[in-house]
Amino acid sequence: MNDQIPSTTVRVFIALAPPDDAKEELSRELRPACDTYPHMRWNRIQDWHITLAFLGELSGEAVPLLRPPLAALAADRQPFSLALRGSGHFDDRVLWSGIDGDLDALHMLAADVRTLVQHSGFAFEDRPLRPHLTLARARRGDRSSAAEIAEELAGFIGRPWSAERLHLVGGNVSRSHGPIRYRDIEAWSFATGLRGSTEPNGYVNKTSSGAVASRWQTRAGDSQGPTGPHP
């Protein structure tokens, strides 16, 4: 019974997200592979993000501290063009889609986000940025499926789209062993000066420190989604 008690810990990262039509375009391209490789652990399409900084597990009380600096950063940023292109794999197991377009602007944004996170007193995984969408993970012992799918997707070129919003994303970390489901905590439009949340999934739109923890607890029953240490 204790395994069902939700944790107030939130696994957090800061990211960009392709628009729905760009994700659907890639999803259509992936359908044959999903049918051919059902044993792969496929990520939900709504979990497709370009991670800029992965903060790991934070207390629910700490998450609101990120809002003001991230809102200010987004309001001072101009939109830029990106596209989904090609595919590859990490360590023969993690299948990803590549990112094309204005990569200089993308790397500059990531650097600014990481500097902001560091100056705000949060630790994070300071790995070199390798822009990608994580699509699926192979089961342990399967060393070929990810590479085979990546080869099939190598020629994929998605339509250009405009990166216009910065996303603070989180997943409830419970005591169960189920995969984590990620959702927007908050998102801000670029170059608008707006400081409010879009809260597309009904998540937090308050600045009180307890709001994050309580709202994540209400979603503790969600158990589908990506697994592993990195979205």
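**Salt bridges, sheets and cores**

Tutor: We begin with a pair of charged side chains: those of D112 and R77 meet in a salt bridge, at 2.5 Å from N to O. The term denotes a side-chain nitrogen of Lys or Arg within 4 Å of a carboxyl oxygen of Asp or Glu. The pair links distant parts of the chain, 35 residues apart: D112 belongs to helix α3 (residues 103-119), and R77 to the loop between α2 (67-75) and β4 (80-90). Helices (H or I, at least four residues) and strands (E, at least two) are DSSP runs, numbered from the N terminus.

Student: On what basis are such values given?

Tutor: This is a predicted model, in which local features need pLDDT of at least 70 and side-chain atom pairs count only at pLDDT 80 or more, while totals for chains, interfaces and linings use all residues. Residues are numbered from 1 along each chain as its sequence is written, and side-chain values use heavy atoms, with hydrogens and water left out.

Student: How many salt bridges does a search of the whole structure find?

Tutor: The search finds eight. Among them, R85 and D100 meet through their side chains at 3.0 Å, N to O. R85 lies in strand β4 and D100 in strand β5 (residues 94-101), so this pair ties together parts that are 15 residues apart in sequence. R85 is partly exposed, with a relative accessible area of 42%, and D100 is also partly exposed, with 27%.

Student: What is the N to O distance in the salt bridge of R114 and D126?

Tutor: The distance is 3.4 Å. R114 lies in helix α3 and D126 in the loop between α3 and β6 (132-137), so the pair ties together parts that are 12 residues apart in sequence. R114 counts as buried, at 13% relative accessibility, while D126 counts as exposed, at 58%.

Student: Let us turn to the strands. How does one read a sheet?

Tutor: Strands of a sheet pair through backbone hydrogen bonds, either parallel or antiparallel. Here two strands pair if DSSP finds at least two bridges between them. In this protein an open sheet of four strands has the order β3-β1-β8-β9, with antiparallel pairing. β3 (50-59) and β9 (182-189) stand at the edges with a single partner strand each, so one side of each is left without a neighbour in the sheet. On average, neighbouring strands of this sheet are turned by 20 degrees against each other, direction ignored.

Student: Over how many bridges do β8 and β9 pair?

Tutor: Strand β8 (residues 165-172) pairs with β9 in the antiparallel sense over seven bridges. H167 stands opposite A187 in β9.

Student: Which strands does α3 touch where it packs on the sheet?

Tutor: α3 touches β1, β3 and β8, and its direction makes about 20 degrees with that of β3. Axes are lines fitted to C-alpha atoms, for helices over the stretch in contact (heavy atoms within 4.5 Å). Angles run from 0 to 180 degrees between N-to-C directions.

Student: What do β4 and β5 form?

Tutor: They form a hairpin with three residues between them, and D91 in the turn has a positive phi of about 55 degrees. The two strands pair in the antiparallel sense over eight bridges, and G88 stands opposite W96 in β5. β5 also pairs with β6 in the antiparallel sense, over five bridges. Six of the eight residues of β5 are buried, so this strand is largely enclosed by the rest of the structure.

Student: How is a nonpolar core to be read?

Tutor: In soluble globular proteins, nonpolar side chains tend to be buried together. A nonpolar core is a set of buried Ala, Val, Leu, Ile, Met, Phe, Trp, Tyr and Cys residues joined through side-chain atoms within 4.5 Å.

Student: Which residues touch the most other members of the largest core?

Tutor: L16 and L55 do so, in a core of 54 residues. Its largest share, seven residues, comes from α3. Leaving aside neighbours within four places in sequence, L16 is in contact with residues including F80, L82, L106, L109 and F190.

Note on methods:
Buried means under 20% relative accessible area, exposed over 50%, partly exposed in between (1.4 Å probe, protein chains only).
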